[in-house]
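Subject: Structure handover

Dear colleague,

Please find the structure below, followed by notes on what was found in it.

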Amino acid sequence: MLNLWGLRFNKVLFYLFISCIFIPLNNYSQDKQITFERITIDDGLSQGSISSILQDHKGFMWFGTKDGLNRYDGYNFTIFKNSPFDSTSLSSNYVECMALDKKGTLWIGTSDGLNKYDENIESFKQFRINLKNITPRLEGNRINAILANPQNYDGVLWLGTAYGLVKFDIEREIFSLYEIEVVSNKNYISTVIMDDDGIIWFTTNEEGIIKFDPVTEKYTQIKVKTDKPVIISENHIIRIYKRRNGKIIGSSPTGIFEVDPKTNIRKPFPINIGNYPPSILSGVFQFFEDNEGKIYLGTYVGLLVFDE
């Protein structure tokens, strides 16, 4: 069953996503009303639009915004920003994404490069993408997504960029572009995840979902035949997310779908939206699944909770 908190403003929605982290999601039921705590710039947050959320091994919550990286201990914020003449500061204030590797190292992707956080001295090491035979573009150092192997430490980060899928060798500090012929230069990769078999999945603007085997370097494309314009097409993938059952759930302008990693069959995800219009699921940009299997959807009209 689907429940909607009718929020009408994007920033308020982001605040709700912050609040979800601090309440016991597994206590949700039809008979209980969830109380949200609103955390704003008045509480110390550097900026209101939250692009990424992460909890580290010490329990700190990290929030990426359009104006700085925020660390929250439950009471106070510590804000990290770029200082133009300090190479150990954050490379850009516009934080796009974050990831923790299995060693507990925090990696931050920004609009201008990759950053490695040193928790001992609270400083950053900056990395700029440098690829041979690639003409730099305006978006050249924008990191849209970071994947660190969730199963074990392998010394590699996979990055979603304006160029395509980029591999970063952590020890050698070398970037490598993986050219996949079905992905054109126009395709931004906005999400990168790994399934239970170690296969990398990433999203594109036009070419659907790509599955990439980092061992064999072979790819599989999951694309729907359609005559619709790209911007409203089933192949314009907004977000994908790996559920606890191993299946992949995702969103496009046409709604929510599910993919079985074993068969690659894509089908609409069965959500009973009741009296709400189907368009309510056309702009899902964030997923979260709690310990009881309830799925939280972040949309442009509110926070949706789906209980199977």
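A polar contact here is a pair of N or O atoms within 3.5 Å; within protein, one must be able to donate a hydrogen and the other to accept it, and residues adjacent in sequence count only if both atoms are side-chain atoms. The side chain of S89 makes such a contact with the backbone oxygen of D86, at 2.8 Å. S89 sits in the loop between β5 (77-80) and β6; strands are DSSP runs of E, at least two residues long, numbered from the N terminus. With a relative accessible area of 7%, S89 is buried (buried is under 20%, exposed over 50%, partly exposed in between, with a 1.4 Å probe and protein chains only).

This is a predicted model: local features need pLDDT of at least 70, side-chain atom pairs count only at pLDDT 80 or more, and totals for chains, interfaces and linings use all residues. Residues are numbered from 1 along each chain as its sequence is written, and side-chain values use heavy atoms, with hydrogens and water left out.

Salt bridges

The whole structure contains eleven salt bridges, each a side-chain nitrogen of Lys or Arg within 4 Å of a carboxyl oxygen of Asp or Glu. In one of them R71 meets E122 (2.9 Å, N to O). R71 is in strand β4 (residues 68-72) and E122 in the loop between β8 (113-118) and β9 (123-127), so this pair ties together parts 51 residues apart in sequence. R71 is buried at 12% relative accessible area, while E122 is partly exposed at 40%.

R243 bridges to E258 at 3.9 Å, N to O, and to E289 at 3.2 Å, N to O. E289 belongs to strand β22 (residues 286-289) and R243 to the loop between β18 and β19, so their pairing ties together parts 46 residues apart in sequence. Shared partners join R243, E258 and E289 into one network. Relative accessibility is 4% for R243, 8% for E258 and 5% for E289; R243 is buried, as are E258 and E289.

Open sheet

Four strands form an open, antiparallel sheet in the order β18-β19-β20-β21; strands pair if DSSP finds at least two bridges between them. β18 (239-242) and β21 (266-268) are at the edges with a single partner strand each, so one side of each has no neighbour in the sheet. Five bridges join β19 (residues 248-252) to β20 (residues 255-259), and I248 stands opposite V259 in β20.

Regards
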